[in-house]
Amino acid sequence: MLVKAIIIVFLLVILYMLGSAFFFMLKDKGESDRMLKRLSWRIGLSLILLLLLYAMFLLGWIEPSMGPVNYNG
């Protein structure tokens, strides 16, 4: 359950950064670099989440599933 909470928190923060970058794009009209900083944070957090997911997979905390499609056909 803790793993799911960590992933959800990361995704919510990434979405917040994306939304605030959009807000600053509209508000500042290119006069400041706040949008660039937010998008840089979003990229960094996305990379950290990707590495964290990979580490959780290697440690056995998460396991891949076959998904909803049955290929045994």
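Tutor: Contact here means heavy atoms within 4.5 Å. By that rule, what covers the buried residues of H2 includes H1. This is a predicted model, where local features need pLDDT of at least 70, side-chain atom pairs count only at pLDDT 80 or more, and totals for chains, interfaces and linings use all residues. Residues are numbered from 1 along each chain as its sequence is written, and side-chain values use heavy atoms, leaving out hydrogens and water.

Student: Why is Asp28 called buried?
Tutor: Buried means under 20% relative accessible area, exposed over 50%, and partly exposed in between (1.4 Å probe, protein chains only). Asp28 has 11% relative accessibility, so Asp28 counts as buried. Its place is in helix H1.

Student: And why is Ile8 called partly exposed?
Tutor: Ile8, also found in helix H1 (residues 2-28), has 49% relative accessibility, so Ile8 counts as partly exposed.

Student: What makes the link between Asp28 and Ser32 a polar contact?
Tutor: A polar contact is a pair of N or O atoms within 3.5 Å; within protein, one must be able to donate a hydrogen and the other to accept it, and residues adjacent in sequence count only if both atoms are side-chain atoms. The side chains of Asp28 and Ser32 are joined at 2.6 Å, and those of Asp28 and Arg34 at 2.8 Å.

Conventions: Helices (H or I, at least four residues) and strands (E, at least two) are DSSP runs, numbered from the N terminus.
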